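Here is a note for a colleague who is opening this structure for the first time. Please read it with the model on screen.

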Amino acid sequence: MGKKRVAIVGSGQTLHRSRRPDVNGQELIHEAVQAALSDADLTLADIDAIVIGNMDHFEGINYVDCWSVDGSGGWMKPVIKLTTGGTTGSTLSIGGYHMVASGLFEKVLIIGWEKNSESDTTGAITTAFDPIWDRLVFAGAISGLAVEAQAYMARYGATDRDAARVAVRDRRHACKNPHAQLRQEVTIEQVLASPMLADPIHLLDVCPRTDGACAVIMANEDVAEKLCPTPDWIWGTANRHSYTYLADVNFGALDSMAGAAKELFAKTGIKEPRKQLQVIELYQPYSFAGIIWIEDLGLVPRGKGAEYIWSGATDLGGELPINPSGGVIACNPIGATGLIRCAEVSLQMMGRAGERQVPEVELGLSTGFGGCMWTDMMLHGKRKPE
Amino acid sequence: MDKVAIIGIGMTKIEADKRGDTFADMAWEAVNLALADAHMTIAEVDNVVTTSNDFWDGRTISCMAVGDATGAGQGKNTSCVEGDGTFGAFYGLTRILSGAYGTTLVTAHSKGSESVSSLITNAALDPIYDRALGLDMVTACALQARAYMHRHGVKPEDLARVSVKNHGNALRNPLAQLPLKLTVEDVLRSEMIADPLHLLDCSPVSDGCCAIILANEQRARRSARQPVWVTGVSCCADAYYLGDRDLAVPRSLAQAAKRAYAMAGIHDPAREVQVAEVYDAFTYQELMWIEGLGLAEAGGAKDRLERGDFDLEGPLPVNPSGGLLGGHPVIAAGLYRMAEAVKQLRGEAGSYQVDGAKVAVAQGLNGLCGQSHCVWTLDNRS
Amino acid sequence: METERSSVELMVQQSQINVPYSWWAGETASRFFAGLRDEQKILATRCAACSQVFVPPRKTCPQCFKDTAWLEVRPEGELVTFTVARRQLAALPRPVPLIFGLIRLDGATTALLHLIGEVPPEQVRVGMRLKAKFAAERRGGILDIEHFRPA
C-alpha cells in the first residue's frame, strides 16, 4: 500500500432550500448520500469509510457524527468528523482525499451538511470567536467581511457597484443550477438598493442561510475508471488556517488564499492560473470577495480585480468562468458549502454539469473559506496527474 | 500499510481546574513538550491536525482557539477532527500515508472545568426522540453498565476492583489528577450517582491537552528518539440509538480491534499484547473494552482482574498510567492512552513501567456508551 | 515569565451560550408524535429488506438503506436495562430518584428509551413487563408518554 492517486467518481446534492421541515438532519444527509450512491452506481456496502462534517452549534447536537449514522450509512464503518467552520466542506474534501490516497480505504464517502433553519445563525457563529478578546466586540461573520471590503476599497478605489456586478453574475449562473437555493436573477440596482447589513455590504451581496447536504465519493486509481468513465482526478490540495484572533488579520487581502494558492500552484505546475485553469468554484460568501480574492489567487494584479469582473471574463462563456453553479451567494448550507464547490468542479471535469457546463475543461479549482479568514483549496483535473 | 511511527509525545498534567491556562496555553505546553521530546522544531512539523469538541469548548469552530499555539500561523497545512484524540491521530496518520507529509503534529484538548458536563453530554442525545428525557453520559452509561452486569453476572465488587487498581496506579503517575489508595469497600460506599455507578466508578471530568508527533519511516529513522511503530489501526461506529444496540456487547470495538490486529499480524491478542491503555471513563467500561479488545473472553475480564492479571505486576497490565479514572480530559483522553503506551514501549514509564513491553494496544472512543471506537496497535521493534 | 505569572490574579469570565433551536422532526417523527398525541398509539416502521421493526420509527433502514413501511406496535413490552439516577445531575428534568430504561415493545426489534414510573426503584428488574402510560395533556413529543409502568 502507500500513495494512491484519487478521483471523484460520483456526487449527490439535495435540492437546497431555506427550510426543509419535511426531514430531520440525518434524513437530509441520507438524501444526499442516496443521490451520490446512485450517481456512482454503488451501494452502501461498497463504501469503506465515511468522513462527515457540519458546524455543531447550528444543529445543537453533540457528537453529531455518531448521531447521524442512520442517515450517513456509518453503521459498522469507520466514521470520522472533520470540522473547521465555513471551510468544513472543503476540509472534508481534503480529508476524503487523504483517506483514499493513504491506501487504507478504496472508496470513501464524504458528507457535508447543515440545517441552518434550525438555529440562530449569528448567535451560533458568534461563539467562534475568542470569548475573552474578540467575542464581545465582533459579532457574527459579516463584521470581518465588512472590514475587509472597507480596507480594499480605501486602497484601490473599488465601489459597492463593482461588488454588485459579482452578485449579478453569480445569481444569473444559479438559474442554470437545479440544486441552488436562489434561482432568480438580480440587477445591480437591486443589489445596491437592498438593505445595508454592515457598510458596504448589502443584503443581496451576501449568502443566504440554507438547509442542504452534499455527498461526494472518492475512489483510488485502481477502481476509479471502472466506476466512472471520466472521473475527476485530484491533482493537489493546500490550505492555510493561519489566524486565531480576528484583530490579527491583515484586512484588505486574503493572505490565506495567497499562501495556499502559492503552495498548490507550485506543486502542481500551475504557473499562469488564468491560462491554465478553465473553471473556478470560489467559496465566495459575499460579493466583494469576488473582486479581492481573485487577486490573491494570482489571476490579476492587485487592484485590477474589478476591471476583470466587468470584462465578463468570469461569466459563463467568458475566458475563466467563476461559480458557474451560482456559488455561495445563491446557496449556503454551511457544512456542505465547501464540499458543493468540490462537487460542482467534479461535474465540470466529468462533462456532466448540464446547462452550466464550461466547455473544454482540463483543470479546475475549488476553494473553501471560513473561520478566521481561512482558505482551503483543491485542484481538479480531467486527466490523471503524473 | 507503510511504516509510520510516533516520535514525540507531550502531555500536560491532568487537573480538575487549570484556571491559569486557556486552551491555547495548554496546547502550547503540550506541543512544546512533544517537540522537545522529539528533538524537533515546529519548522520540521509538516502539517497539523488538532482535535477538539465545540460543545465542550463552548466555541463553534473550536479549533480556532489553538491555531497559533499549534503552528497554524506558520504557513502550515492544518485540519481539525472533532472526536476523541485517537480519531485525530488517525486522520493525521492518513495525511502521512497519502504521501503528502512526512510528519504530522496531532493535538487533542478540553477543559471540563469550563462547563456543566451533564448539559454538555445531554446535548448528545437525539433532540427529537431522546433529549427531553434528560439523560446524560452518566445515566446513559449506567444503562450500559446494568446491561453488561446482567448479561455476565458481573458484581459491583468487580467494578470496584477496577477503580482500586487504576487510582492505585495513578499514585505512580505524576501527571494523574486522582492518585488514591482505595479499597473495594471505599468504592461501594461512595455516593451512588446513577445505579449501578458509584462516584468512584466514574472518572472525573478534567482539563488537559496531549500532543503527539507522527512520522513516516524515513523521518522516523532520522529521529533522535526510538520510534514506536504503528502496526495496526482501525475505527468502527455502531448504531446511534441506545435501543438499537445490544449495550452489553462492544460490537464496534470488536470489529475495530479485529481489523487492527489483522494489520499488525497479531493472532492471539490476549497473549501477544503486553500492555493496554484503554478508555475507562467508568469502571465497567474497562472490563467491557478489555473483552472487546480480545484480551479476555466475553464476561471473563472480571475473573482475570480478580486474579491480578491486569495489575502492574500481572501478565497483562491494563492502564498502568491510572487511566481515565485517574484523570479524564475528555477528547484528549484517547491520545493520552496512546502517549502512555508510547512511554511504556520506550521504557520511559518510570515507576509504572511494564518491564520488557514490546507490543501495546491503545484505544479511544466517541459518542454515548462507546458507540464508536478507534484501536491502535504499537510495537517498539522495527 | 513564570514568577510574574504566579502573582497574577486569575480571572474567570462567566458567560452562557444562548442559541435557540427549533429542530424539524421531519415527516416520519411527526407522524409518530401525532400517533402519540391524537390516538395514544405507538407507531413503528419496518424495513422491507431485513424486516427489522424500528421504535422510534425511521424513514429508511439504517443498515439496508431501504425504505420502511408503517405499522403499529403494542404499548407494552419488556425492560431491557435500566438505571436509577440518584444524584441530581443538571440535565435531569425532575427530582431524583428518577428511573430510565430501555423498553422493547412487543413486535419491535429495537428498544425505546424512556422513563419508568409507578414502581419503587428497588423493585425494578431487567425483564419485567411494562406498559406505556400516556400523559393527560399531550403536545406531540416523546413525553406524550408520561412513563412506562408495570404491566
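1. How many of the 382 residues of chain B count as buried? The share is 72%. Here, buried means under 20% relative accessible area, exposed means over 50%, and partly exposed lies in between (1.4 Å probe, protein chains only).

2. Some ground rules. This is a predicted model, in which local features need pLDDT of at least 70 and side-chain atom pairs count only at pLDDT 80 or more, while totals for chains, interfaces and linings use all residues. Residues are numbered from 1 along each chain as its sequence is written, chains are lettered from A and ligands numbered from 1 in the order in which they are written, and side-chain values use heavy atoms, with hydrogens and water left out.

3. The build of chain B. Chain B has 13 helices and 11 strands. These are DSSP runs, numbered from the N terminus: helices are H or I with at least four residues, strands are E with at least two. The radius of gyration of chain B is 19 Å, close to the 21 Å that the globule rule gives for 382 residues, so chain B is as compact as a globular protein of that length. That radius is taken over C-alpha atoms, and the rule is 2.2 Å times the number of residues to the power 0.38. Along the principal axes, the C-alpha atoms of chain B fill a box of roughly 55 × 45 × 35 Å.

4. Take the contacts in chain B between residues at least 6 apart in sequence: 77% of them join residues at least 24 apart. Contact means heavy atoms within 4.5 Å.

5. Salt bridges overall. Over all chains, a search of the whole structure finds 62 salt bridges. The rule asks for a side-chain nitrogen of Lys or Arg within 4 Å of a carboxyl oxygen of Asp or Glu.

6. Asp37(B) and Arg225(B) form a salt bridge, N to O 2.7 Å. The two sit 188 residues apart, and the pair links distant parts of the chain. Asp37(B) lies in helix H1 (residues 23-38), whereas Arg225(B) lies in the loop between helix H8 (217-221) and strand S8 (228-237). Both residues are buried. Asp37(B) and Arg225(B) are also linked with Arg346(B) and Glu348(B) in a network of salt bridges.

7. Two further pairs. Lys111(B) and Glu114(B) form a salt bridge, with the closest N and O atoms 3.0 Å apart. Lys111(B) counts as buried at 2% relative accessibility; Glu114(B), at 49%, counts as partly exposed. In chain C, Glu39(C) pairs with Lys41(C) in a salt bridge of 3.5 Å between the closest N and O atoms. Lys41(C) is partly exposed at 28%, and Glu39(C) is partly exposed at 48%.

8. Where chain A meets chain B. The contact joins 59 residues of chain A to 61 residues of chain B. About 4900 Å² is buried between them, and carbon and sulfur atoms give 57% of that. Buried area is the accessible area (1.4 Å probe) that two parts lose on being put together, summed over both. In chain A, Asn62(A), Tyr63(A) and Met76(A) lose the most area to chain B, together 15% of what that side buries.

9. One of the pairs in salt bridges is Arg59(B) with Asp130(A), at 3.5 Å, N to O. On the side of chain A that touches chain B, H5(A) gives the largest share, 6 residues.

10. Where chain C meets chain B. Each chain gives 37 residues to the contact. The two chains bury about 3200 Å² between them, 68% of it on carbon and sulfur atoms. The rule finds 2 salt bridges across the interface. Asp244(B) and Arg58(C) form a salt bridge, with the closest N and O atoms 2.7 Å apart.
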